[in-house]
Every structure is written in C-alpha cells, then in structure tokens.
Amino acid sequence: ISWIRFSVDDIPLFSELRGTPDERKTDSALRATGEPEGYFTDREDAFIFSFAKFRKLHIDLGWQFFVLPAQLCYGINLKLLRQKLYTYSASAIGLDLGLLFRVSAVDLFDRDYLGWISLGLNFQDISNTEVTWSTKHQDAIPYNIKWGIAYVQPLPWIGSQVNLGFDRDTKYGGENHLGVELSLIHI
C-alpha cells in the first residue's frame, strides 16, 4: 500500500484584471493592487494498492543436460487518484499490470563474475483512466506500454554493484530512458 502526496499551500489568489491595457494606464481604479484577495491550496493524492506474485521457473531450452533457472514476477496496481484545486476537486480510478522476467547471467553464460539480466513489461492505465472534476470536465490519462531491460553487475571486491537500465514508453510519441546506478554498500 502506497500513498503519494503533492501539495502546495498558500497560493495567492488575485482578481482578474478589468479593462484593456490602455484603460489601465489612464484609470488607476482598474489597476491591480498587487495584494492577494486570499490564498488556496493545490493537493494531489495517489493511493496505490499493489499485489504481486513471484515464481521460480526452470526453462528447458533443449540443450543437453542444461535447464535455465529463471524468475518471473507479475503484479497489478489499483490506483485511486484525488485532486483538490481551489474549490474544485477531481477523482479517478486506474489500473496497471506488470511483468518482470529475470535470469542469472552466470547460469546463461557460465561465467562466475556476471550478474542478473531483467526484462520488464508494464501496461499503465489500461482502464483508460479518466479524471472527473466537480465541474463535470474529464481529463484522460493516456494508456502507456513501458518495456525495458536492466543488468545488475555485482562488484564483490568493494561490496557494491552497478545497475544499468533502459526503458521505453509508448505514450507521447515514445520516450527513452537510460540510467546507471552505483550502489556503494550492497547487502
């Protein structure tokens, strides 16, 4: 169970400007005072309920005397989204599905110094999540398929590891993400 909250308090509220720019130059009553008429809050909450399962697999690739041990993880996220902006509010329910396949590079390539190779697939907002506002306006959160590959290389001589990762989104015309992480003290 996760709770993510973004909140900004004390956002100043100013009245709309009256008249045209030329009218405001000549009539001081139409000019803004620069003093806020009040303050409001923007609050966004996401409650995420995650359920996952882990399976150990033994894949027979047809090679003589060799079965490849692997791991398969799959899960689902149920998301409840809420937002409050000034006097308006919104809510939505979303659904994600994920799949992760992981294999030891030691077993695959028969080299003791290698780490883990992971392949992942994530279907985000598969329920066509629609955020419905108190004004009856609806905003759609686009469906996204994210896939990626990662490699974790242990560095036992310094008690650390290096993580290399790449993933690609299909949303917004496709975005690529590449990352490197060094875990200095890995337990």
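Val162 has Leu182 as its bridge partner in β10. This is a predicted model, in which local features need pLDDT of at least 70 and side-chain atom pairs count only at pLDDT 80 or more, while totals for chains, interfaces and linings use all residues. Residues are numbered from 1 along each chain as its sequence is written, and side-chain values use heavy atoms, with hydrogens and water left out.

The pairing that contains Val162 and Leu182 joins β9 to strand β10 (residues 175-183) in the antiparallel sense, over 9 bridges. Strands here are DSSP runs of E with at least two residues, and helices are runs of H or I with at least four residues, numbered from the N terminus; two strands pair if DSSP finds at least two bridges between them. The hairpin of β9 and β10 has 5 residues between the strands, and Tyr172 takes a positive phi near 60° there. Trp147 finds its bridge partner in β9, namely Arg168. Between β8 and β9 there are 4 residues, and in this hairpin Gly159 takes a positive phi near 65°.

Lys146 forms a salt bridge with Asp167, with 3.5 Å between the closest N and O atoms; a salt bridge is a side-chain nitrogen of Lys or Arg within 4 Å of a carboxyl oxygen of Asp or Glu. Lys146 lies in strand β8 and Asp167 in strand β9, so the pair ties together parts that are 21 residues apart in sequence. Lys146 is partly exposed, at a relative accessible area of 21%. On this scale, buried means under 20% relative accessible area, exposed means over 50%, and partly exposed is in between (1.4 Å probe, protein chains only).

By the salt-bridge rule the count comes to 6. One of them brings the side chains of Arg82 and Asp45 together at 3.9 Å, N to O. With Arg82 in strand β3 and Asp45 in strand β2, the pair ties together parts that are 37 residues apart in sequence. Asp45 is buried, with a relative accessible area of 7%, whereas Arg82 is partly exposed, with a value of 44%. Arg5 joins Asp45 and Arg82 in a network of salt bridges.

Another salt bridge joins the side chains of Asp125 and Lys79 (2.9 Å, N to O). This pair links distant parts of the chain, 46 residues apart: Asp125 is in the loop between β5 (116-124) and β6, and Lys79 is in strand β3. Both residues, Asp125 and Lys79, are buried, and for Asp125 the relative accessible area is 6%. Not counting residues up to four places away in sequence, Asp125 touches Lys79, Gly94, Leu95, Asp96, Ile141, Pro142 and Tyr143; contact means heavy atoms within 4.5 Å. Asp125 and Pro142 are 17 residues apart in sequence, with a C-alpha to C-alpha separation of 7.0 Å.

Attention now turns to the nonpolar residues. In soluble globular proteins, nonpolar side chains tend to be buried together. The largest nonpolar core in this model has 6 residues, Ala46, Leu81, Ala90, Ala92, Val131 and Trp133. β4 and β6 (130-133) each supply at least two residues of this core. Such a core is a set of buried Ala, Val, Leu, Ile, Met, Phe, Trp, Tyr and Cys residues joined through side-chain atoms within 4.5 Å. Leu81, found in strand β3, is in contact with Asp45, Ala46, Ala90, Ser91, Ala92, Thr129 and Ile141, leaving aside its neighbours within four places in sequence. The C-alpha atoms of Leu81 and Asp45 are separated by 5.8 Å, although these residues are 36 residues apart along the chain.

β2 (38-60), β3 (67-85) and β4 (88-104) each supply at least two residues of the patch, and the largest share, 3 residues, comes from β3. Ile76 has its place in strand β3 and counts as partly exposed, at 32% relative accessibility.
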